Amino acid sequence: MSARVTETMEVSNAELREWCHELPKVELHTHLNGSIRDSTLLELVKNHGDNGIIVVEDFAADNCIYLELRTTPKNNEAKGMTKRSYMQAVIDGLKAVDIVDVDFCGCGLNNEKSKDTRRKKIFVRLLLSINRSEATSSAIDTVNLAMEMKDVGVVGIDLSGDPTVGQWETVLPALKHARELGLSVTLHCGEVRNSKEIQAMLDFNPERLGHVCLLSDEDWDRLKSLVIPVEICLTSNIMTQTIPSIELHHFG
Ligand SMILES: [Zn+2]
């Protein structure tokens with residue numbers, strides 16, 4: 001009897017997994033950089049550009065239909081890299097994706113190599129990230145680059161990086177500039193306890209916030225009253241030990 005129950009549950013779990021896999025998904029918080037240096041990423045894109053940015057294929061395999069990739073353009077004079085050339089390498093990598101059809105600029109598929117309607121299709125858009133450690137002028141350069149690249153799929157600006165470094169006041173002029181230009185803004189917020197900065201971010205009232213793990217009750221009340229959508233990643237928060245367990249996660 002118990003064996004039959006277990007078997008039934010296993011089938012049920014498998015069916016649930018399959019159902020979850022088949023669900024169309026939207027992914028709004030993916031760092032292209034991950035944990036590797038930007039210069040390394042640039043080399044990878046250059047050297048493997050013929051195969052495209054494989055991350056895109058992985059998301060499409062999970063039936064993600066809309067993917068927002070965020071990446072931090074950087075200058076690296078020693079490697080002859082500018083923010084623009086870095087972003088061009090990313091665009092080239094997206095154009096070269098071969099396994100799935102990628103719509104990355106809203107102007108049709110970039111690689112209609114196959115007319116096979118069974119091929120997976122994924123919409124990819126880009127957010128340019130400002131690193132919290134950047135100077136104001138560098139952050140404004142990133143915003144201007146994002147504006148120039150609006151017609152190739154850039155939809156907004158992100159603020160990210162080590163939450164223990166940088167001052168909100170340093171990047172605020174660049175974020176205001178982005179807003180004036182009509183670019184959407186999302187902010188990594190509340191990754192460490194810093195109520196003063198969290199309240200300043202809420203004052204800015206961005207289009208989205210990321211993580212919001214360590215908010216005070218007052219911060220939460222304010223966030224809920226502003227109705228700002230939040231990008232939450234349970235596994236990221238647990239892996240980075242920002243939140244001790246799933247049971248205690250603020251998603252609930
Ligand atoms: Zn993030």
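Where is glutamate 197 found? I looked, and glutamate 197 sits in helix 7. I take helices (H or I, at least four residues) and strands (E, at least two) as DSSP runs, numbered from the N terminus.

A note on ground rules before going further. This is a predicted model, in which local features need pLDDT of at least 70 and side-chain atom pairs count only at pLDDT 80 or more, while totals for chains, interfaces and linings use all residues. Residues are numbered from 1 along each chain as its sequence is written, and side-chain values use heavy atoms, with hydrogens and water left out.

**Entry: glutamate 197.** I checked its burial and found 12% relative accessibility, which counts as buried. My cut-offs are under 20% relative accessible area for buried, over 50% for exposed and partly exposed in between (1.4 Å probe, protein chains only). Setting aside neighbours within four places in sequence, I find glutamate 197 in contact with Arg132 and Trp168; contact means heavy atoms within 4.5 Å.

**Entry: the cavity.** I counted one cavity of 30 Å³ or more, and the largest cavity holds about 50 Å³ of space. The search runs on a 1 Å grid over the protein atoms alone, and a cavity is a set of points where a 1.4 Å probe fits but cannot get out; lining residues have an atom within 4 Å of a point. Grid points are joined across faces, edges and corners, and a volume is the space filled by probe spheres set on the points. Glutamate 197 turns up again in the lining of the largest cavity, as do Arg132 and His188. Strand 6 and helix 7 (195-204) each give that lining at least two residues.

**Entry: the zinc ion.** Which residues coordinate the zinc ion? I read off His29, His31 and His188, each through NE2, at 2.0 Å. Donors here are N, O and S atoms within 2.8 Å of the metal (3.2 Å for Na, K and Ca); water is not among the atoms, so sites may look incomplete. Along the chain, the donors follow the spacing H-x1-H-x156-H. Histidine 31 in strand 1 (residues 25-31) and histidine 188 in strand 6 (residues 184-189) are 157 residues apart, a pair linking distant parts of the chain.

**Entry: positive phi.** Most residues other than glycine have a negative phi. I noted valine 212, with a positive phi of about 40°, in the loop between strand 7 (208-211) and helix 8 (217-226). Buried or exposed? Valine 212 is buried, with a relative accessible area of 0%. Glutamine 241 also has a positive phi, near 60°, and lies in the segment after helix 9 (234-239). Glutamine 241 counts as exposed, at 69% relative accessibility.

**Entry: aspartate 162.** I placed aspartate 162 in the loop between strand 5 (154-160) and helix 6 (168-180). Aspartate 162 is partly exposed, at 39%.

**Entry: the whole chain.** I count nine helices and eight strands in the protein chain. Of its 252 residues, 42% are buried. Among contacts with a separation of 6 or more, 61% join residues 24 or more positions apart.

Definitions and conventions. 1 Å grid on protein atoms, 1.4 Å probe; cavity = no way out; pocket = protein on both sides within 12 Å on 5 of 7 lines; lining within 4 Å.
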